[in-house]
Amino acid sequence: QVQPVESGGGLVQAGDSLRLSCAVSGHTFSSVAMGWFRQAPGKEREFVTAITWDGGRTSYADSVEGRFTISRDNAKNTVYLQMNSLKPEDTAVYYCAADRFEYSRVLVRSGTRYGAWGQGTQVTVSS
């Protein structure tokens, strides 16, 4: 059982950078893939990025490819989301989530694959 807790959100200007962190309690963190999702007001939750349990593979939504970077530190039970060149359309509540299955090499973009979710952290990008 894992429980993610996000932090690092805030209000920034377009073009700025921000790094989100997700600290995860539970002994299985190092064996599960982690994903970041976001939900803007009035919109459905959408996939942002994911990383395999060993950090060997990553996947990004087209909208953030080249601007966002996901990483993880299994020694610290933490996954990070570095966001550069932020745009107003990146404004959303950002959630991290843990894969339901251990040691999977497949990165799934559907939220139903993920079984443990954090409470979210607000990112607001002003123009």
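These are my notebook entries on a predicted model of a single chain.

**Entry 1: the overall fold**

I started with the secondary structure. The chain has eleven strands and zero helices. Reading from the N terminus, I get β-β-β-β-β-β-β-β-β-β-β. The radius of gyration comes out at 13 Å, close to the 14 Å from the globule rule for 127 residues, so the chain is as compact as a globular protein of that length. Along the principal axes, the C-alpha atoms fill a box of roughly 40 × 25 × 25 Å.

Next I looked up burial and contacts. Buried residues account for 46% of the 127 residues. I also checked how far along the sequence the contacts reach. Of the contacts between residues at least 6 apart in sequence, 60% join residues at least 24 apart.

The chain exposes about 6,200 Å², and carbon and sulfur atoms supply 47% of that. For charges, I have 13 positive and 12 negative side chains, with the centres of the two sets 2 Å apart.

I went to strand β8, residues 78–83, which holds T78. Is T78 buried or exposed? Its relative accessible area is 9%, under the 20% cut-off, so I put T78 down as buried. What does its side chain reach? A polar atom of the T78 side chain lies 2.8 Å from the backbone oxygen of K76. Leaving out neighbours within four places in sequence, I list S21, C22, A23, F29, R72 and D73 as the contacts of T78.

Phi of S85 is near 50 degrees, a positive value. S85 has a relative accessible area of 41%, which makes it partly exposed.

L86 is a buried residue, at 2% relative accessibility. What does L86 touch, beyond four places in sequence? I wrote down V12, A14, G15, D16, S17, L18, R67, F68 and V125. I also took one C-alpha distance here: L86 and T124 are 38 residues apart along the chain and are separated by 9.5 Å.

R100 sits in strand β9. At 52% relative accessibility it is over the 50% cut-off, so I count R100 as exposed. Where does its side chain go? The R100 side chain reaches the backbone oxygen of T112 at 2.9 Å. R100 and T112 are twelve residues apart in sequence, and their C-alpha atoms are 9.0 Å apart. With neighbours within four places set aside, R100 contacts T112, R113, Y114 and G115.

I then moved to Y103, in the loop between β9 and β10 (114–117). Here too I found a positive phi in a residue other than glycine, near 55 degrees for Y103. Y103 counts as exposed, at 52% relative accessibility.

**Entry 2: T28 between β3 and β4**

I looked up T28 in the loop that runs between β3 (18–25) and β4 (32–39). Which residues does T28 contact, neighbours within four places aside? I noted Q1, V2 and E102.

**Entry 3: E46 and its arginines**

Last stop was E46, in strand β5, residues 46–51. With a relative accessible area of 34%, E46 falls between the 20% and 50% cut-offs, so it goes down as partly exposed. Which side chain does the E46 side chain meet in a polar contact? That partner is the side chain of R38, at 2.5 Å. Not counting residues up to four places away in sequence, E46 touches F37 and R38. I also logged R109: E46 and R109 are 63 residues apart in sequence, with 8.5 Å between their C-alpha atoms.

Note on methods
Residues are numbered from 1 along each chain as its sequence is written. This is a predicted model: local features need pLDDT of at least 70, side-chain atom pairs count only at pLDDT 80 or more; totals for chains, interfaces and linings use all residues. Side-chain values use heavy atoms; hydrogens and water are left out. Helices (H or I, at least four residues) and strands (E, at least two) are DSSP runs, numbered from the N terminus. The radius of gyration is taken over C-alpha atoms; the globule rule is 2.2 Å times the number of residues to the power 0.38. Buried means under 20% relative accessible area, exposed over 50%, partly exposed in between (1.4 Å probe, protein chains only). Contact means heavy atoms within 4.5 Å. Accessible areas come from the Shrake-Rupley method with a 1.4 Å probe; for residues, only the protein chains shown count as cover. Lys and Arg count as positive and Asp and Glu as negative; His and the chain ends are not counted. The place of a charge is taken as NZ of Lys, CZ of Arg, CG of Asp or CD of Glu. A polar contact is a pair of N or O atoms within 3.5 Å; within protein, one must be able to donate a hydrogen and the other to accept it, and residues adjacent in sequence count only if both atoms are side-chain atoms.
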